[in-house]
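Trainee: Please take me through one part of this structure in detail. I would like a close look at the nonpolar core, and then at what surrounds it.

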Amino acid sequence: MSSSALSPLPIPAPAAQPRQRTLLGDAARRFARNRMALIGLFLVGLLLFIALFVDFLAPYPYDAADPVQALQFPSAQHWMGTDEVGRDVYSRILYGARISLAVGLGVTAIALLIGVPLGLAAGLLGGPVDFVIMRLVEVFTAVPALLLALLLISVFGGGLGNVILALGVVAWLDACRLLRAQLLSLRERDFVLAARTVGVSNLRIALRHLLPNALAPLIVAISIGIPVAIFAEAGLSFLGLGVNDPIPSWGKMVGNAMSYMRVYWYLGVYPTLAIALTMLGFTFLGDGLRDAFDTSAEQ
Amino acid sequence: MARYLAGRLAGIVIVLLIVSVVIFLLMHAIPGGPFDEDKVPLSPAAKANYLAKYGLDKPLPEQYLRYMGNALRGDFGIPFQSPTETVSGLIARTWPVSASLGFVTLLVALPLGFLLGVLAAVRQNSWVDYLTSSTATLGLTVPNFVVAIWLVLLFAVQFRVLPTGGWGEWYHYIMPVTALALAPLALTARYTRISILEVSRADFIRTARAKGLSSPQILWRHTLRNAMIPLLTVLGPQIPSLITGTIFIESIFRVPGLGKFFVTSILRRDYPMIMALLLLVAVVWSLVYLITDILYVLVDPRVRLDKKNS
């Protein structure tokens with residue numbers, strides 16, 4: 001671009017096969033060049049692998065208590081030691097991957113199930129529908145999500161399913177707001193006007209023109225929502241309000257460790273490490289996806 | 001401006017009313033009541049007496065109206081979990097603890113984060129930049145209760161230089177503030193850096209350079225002032241959660257703040273406390289959003305509030 005103005009214009013190579021470029025193909029190429037994103041992909045992949053094959057990987061069942069073996073420091077038998085009732089910490093950490101993943105995916109699914117239809121309705125229908133939905137969003141914003149989840153859990157009771165449900169019910173705001181904002185801006189673009197001019201129906205415009213264009217930001221929102229959900233579950237279980245005891249939630253393990261940590265440090269170290277690595281993995285992956293789909297950041 | 005403010009305040013009042021109804025209904029939908037046998041051993045007659053005393057035997061709409069009527073006159077009732085004081089008294093006793101923790105945290109996090117962000121932007125791709133961006137990544141992704149546990153393990157268990165928790169001395173602030181400050185610090189540093197780099201590419205910076213201003217002059221008079229604008233949006237939402245107390249950190253470090261009441265009130269069906277706490281949080285949130293929007297106008301004359309912006 002900065003080359004001298006006098007140089008002749010480069011003549012395009014004749015009939016060079018134009019490589020088919022797609023949104024997904026471009027995004028994948030940008031993603032593969034991003035080191036952080038690859039680290040994130042690796043960590044998430046590892047979590048997925050552990051969650052799927054934990055039955056073959058874990059040396060002990062997650063709920064096999066053996067009081068004689070309680071509070072053993074890490075050794076060859078118990079790589080991460082044993083907890084206060086003699087359960088193998090390593091096995092429980094591995095099984096915890098399954099819980100975290102179930103929470104992350106389950107909460108996101110519920111959030112999308114509520115947020116996407118509401119966002120679509122607000123963005124496409126506008127008017128009074130939009131007004132009512134946005135006031136609803138405002139009400140939910142005024143109460144912290146964690147507290148509302150707490151309230152819901154005490155209404156429905158604890159347990160993994162209810163925790164996922166409660167967190168999902170409070171997590172739909174982002175998907176809804178994002179989709180609405182996307183639709184509002186897309187609606188004014190020229191290609192929508194063009195489609196309308198040639199007589200495309202409103203429904204078809206929404207499904208074939210607007211929704212695909214709003215998809216990329218939605219994917220990003222999902223990948224950023226997953227770690228938030230995992231963090232919330234860990235927090236609730238840490239306070240003793242989430243998943244109940246034999247189920248190996250990392251947050252619950254940290255909570256239980258609080259009274260033993262002064263001596264049995266390993267009880268605090270391993271579950272917190274597992275939470276931190278999971279959060280890092282999903283965040284790197286989410287950031288990587290955002291950069292990969294962000295066409296405005298093209299260098 | 002006055003019209004805009006009136007509209008926003010009216011909006012806040014409406015949202016608060018809706019929040020209060022929703023919370024009231026949800027709260028009474030929780031199975032179990034505050035005077036059930038698992039909480040206090042009472043004979044059925046005594047229980048009925050208590051229910052009558054607190055008006056809990058009345059139909060829900062009447063209870064709600066009575067509560068709101070009293071609340072408007074400043075009477076928020078008596079916390080069931082601590083019947084010797086009033087809800088207002090309990091909040092007045094514990095909120096300053098949480099607020100001081102939050103205030104010190106902001107006092108540490110904002111200037112330090114801003115400084116790091118400026119350094120990282122000015123010395124782009126230097127070690128300061130890399131240090132800042134990796135701290136920012138850690139601070140934003142690792143949950144604060146995980147950081148808190150690591151601090152306890154390191155400084156209280158391994159090196160034994162700090163107590164594991166407690167309240168009252170200056171050194172009790174060190175670990176909770178560090179754990180709490182990391183996220184807002186990271187956020188401030190990251191956004192300061194990005195927005196400085198963005199502003200540096202603007203035309204008026206090129207003009208300033210062209211007319212011969214020195215680099216520090218440009219940085220202080222032109223770049224920083226403009227770079228602070230986007231920070232407002234990011235930092236606004238950080239403030240209420242810090243001031244209203246963070247449940248995890250206060251529980252780990254045994255800080256006698258407001259945080260634990262969010263949990264105990266719900267567990268013990270302490271209706272007056274639940275209402276008061278959630279309304280308090282809702283008020284703080286709404287006001288912070290309003291103040292953020294007003295600050296925008298003060299910092300950036302290009303922003304107009306009365307115009308419809310969507």
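Mentor: Start with the term. A nonpolar core is a set of buried Ala, Val, Leu, Ile, Met, Phe, Trp, Tyr and Cys residues joined through C-beta atoms within 7 Å. Buried here means that 20 or more other C-beta atoms lie within 10 Å of the residue's own. Keep in mind that this is a predicted model.

The largest such core holds 144 residues. Five of them touch the most other members: A:Ala149, A:Leu167, A:Ala229, B:Ala148 and B:Leu278. Helix α3 of chain A, residues 89-125, supplies the largest share of this core, with 15 residues.

Now take A:Ala149. Leaving aside residues up to four places away in sequence, A:Ala149 touches A:Ala166, A:Leu167, A:Val170, A:Ala232 and A:Leu236.

Next, the contact between the chains. Chain A puts in 29 residues and chain B 33. On the side of chain A that touches chain B, α4 (127-142), α5 (145-156), α9 (202-238) and α11 (266-293) of chain A each give at least two residues. The most comes from α11(A), with 8 residues. By type, that side of chain A divides into 22 nonpolar, 5 polar and 2 charged residues.

Last, a residue of chain B. B:Val122 lies in helix α4 of chain B, residues 87-122. B:Val122 has 18 other C-beta atoms within 10 Å, so it is partly exposed. From B:Val97, B:Val122 is 25 residues away in sequence and 38 Å away in space, C-alpha to C-alpha.

Note on methods:
Residues numbered from 1 in each chain as written. Chains lettered and ligands numbered in written order. Predicted model: local features only at pLDDT ≥ 70, side-chain atom pairs only at ≥ 80, totals over all residues. Helix = DSSP H or I, 4+ residues; strand = E, 2+ residues; numbered from the N terminus. Buried ≥ 20, exposed ≤ 12 C-beta atoms within 10 Å, placed from the backbone. Contact = placed C-beta atoms within 7 Å. Nonpolar A, V, L, I, M, F, W, Y, C, P; charged D, E, K, R; others polar.
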